[in-house]
Amino acid sequence: MALNVRDFAKRSAVGAIYTLVFIIATLVSWYTTLIVITITAALCCYEFLRMAQADGHRPYVIIGTVAAGAIPLICGFIIQQTHILAVAMFVAFIVGCIMLIRFFIDDNDTIVDVALSIFGYLYCGLTLVGFLMIRSELPGFQGGLLALMVLISIWLNDAAAYVGGSLYGRHLFSPKISPKKTWEGVITGVVCCTIIWALIPLVVPDCGFGYVYAIICGVICGIVGIMGDLTESHIKRSFHTKDSGNLMPGHGGLLDRSDSLIFVSVVGYVLLSLPFILQELFGVVL
């Protein structure tokens with residue numbers, strides 16, 4: 001598969017703007033990170049629900065979009081508290097109840113419409129709370145730097161998989177879900193992701209773990225990022241559409257650009273928290 005120079009240039013230009021916004025927001029402060037994540041969650045959910053709507057379903061676009069933004073926003077204000085998961089679940093439950101009331105009132109709605117709406121704000125909203133947790137894992141600039149390293153690993157995974165697959169991809173990875181993705185590209189992406197994670201103990205000395213654990217995390221997050229990409233590709237195929245939207249030329253929609261971030265936010269937070277948990281409970285240092 002030959003590298004399309006014009007397509008790559010367009011992807012790079014649009015991707016650079018997206019990347020710059022996230023870098024600045026992540027490093028400047030906790031509040032700028034919260035704002036960007038809230039907007040990202042809401043727009044991604046909007047694109048997901050619009051895809052469902054275009055496929056003939058009747059999802060609750062406005063309620064779902066507001067809920068997807070509200071979950072990280074509300075959780076953000078209590079990020080240092082011990083009951084953040086309970087609050088996130090409570091908000092998700094209340095919104096689900098609102099959707100059910102709408103379902104009971106309108107006879108034209110189906111339970112599939114409700115299920116799609118609930119999945120939309122959980123998939124795009126609840127998962128991105130994980131990135132806020134990563135940002136708050138360490139105080140001040142160190143937390144921003146840690147979150148940025150995770151972001152770079154995700155971006156490099158995506159970019160390297162695209163370039164590697166375009167230049168020397170021969171063996172298809174998942175032809176039914178993502179016809180252009182190759183094993184060569186996937187491996188290239190995971191390797192690059194792992195390299196960035198291996199640098200975290202050097203760049204962020206207070207991260208709480210060493211190089212071996214960082215490499216393990218890099219491999220896991222590289223694979224999880226690919227899973228996020230494939231999941232969104234499969235969703236688009238089920239809705240019979242090529243892109244989630246047109247907000248980002250060369251990439252499609254914001255959901256197309258954030259699919260790996262959604263998955264890695266959750267797994268990355270668990271992996272980054274594990275060293276501190278093990279050290280506190282058992283005195284084990286990774």
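Contact means heavy atoms within 4.5 Å. Helices (H or I, at least four residues) and strands (E, at least two) are DSSP runs, numbered from the N terminus. The model is a predicted one, in which local features need pLDDT of at least 70, side-chain atom pairs count only at pLDDT 80 or more, and totals for chains, interfaces and linings use all residues. Residues are numbered from 1 along each chain as its sequence is written, and side-chain values use heavy atoms, with hydrogens and water left out.

**Exercise 1.** Determine how H3 packs on H5 and which residues meet.

*Solution.* Step one concerns the axes, which are lines fitted to C-alpha atoms, for helices over the stretch in contact; angles run from 0 to 180 degrees between N-to-C directions. Helix H3 (residues 61-77) and helix H5 (residues 111-126) have axes 8 Å apart and pack at an angle of about 30°. H3 is therefore roughly parallel to H5 (angles under 35 degrees count as roughly parallel, over 145 as roughly antiparallel, 65 to 115 as roughly perpendicular and the rest as oblique).

Step two lists the contact. From H3, Gly-64, Ala-67, Ala-68, Ile-71 and Pro-72 meet Tyr-121, Gly-125 and Leu-126 of H5.

Step three sorts these residues by class. Ala, Val, Leu, Ile, Met, Phe, Trp, Tyr, Cys and Pro count as nonpolar, Asp, Glu, Lys and Arg as charged, and the others, Gly among them, as polar. The contact of H3 with H5 holds six nonpolar, two polar and no charged residues.

**Exercise 2.** Describe the packing of H3 with H4.

*Solution.* The axes of H3 and helix H4 (residues 84-105) lie 10 Å apart, at an angle of about 165°. H3 is therefore roughly antiparallel to H4. Among the H3 residues in this contact are Ile-63, Ile-74 and Cys-75, and those in H4 include Val-87, Val-91 and Met-99. By class, the contact has 13 nonpolar, one polar and no charged residues.

**Exercise 3.** State how H7 and H8 are arranged.

*Solution.* Helix H7 (residues 140-168) and helix H8 (residues 183-203) cross at roughly 155°, and their axes come within 7 Å. H7 is therefore roughly antiparallel to H8. Their contact divides into 18 nonpolar, seven polar and one charged residues.

**Exercise 4.** Identify how strands E1 and E2 pair.

*Solution.* Two strands pair if DSSP finds at least two bridges between them. E1 (residues 172-174) and E2 (residues 178-182) pair in the antiparallel sense over two bridges. Leu-172 stands opposite Thr-182 in E2. The two strands form a hairpin, with three residues between them.
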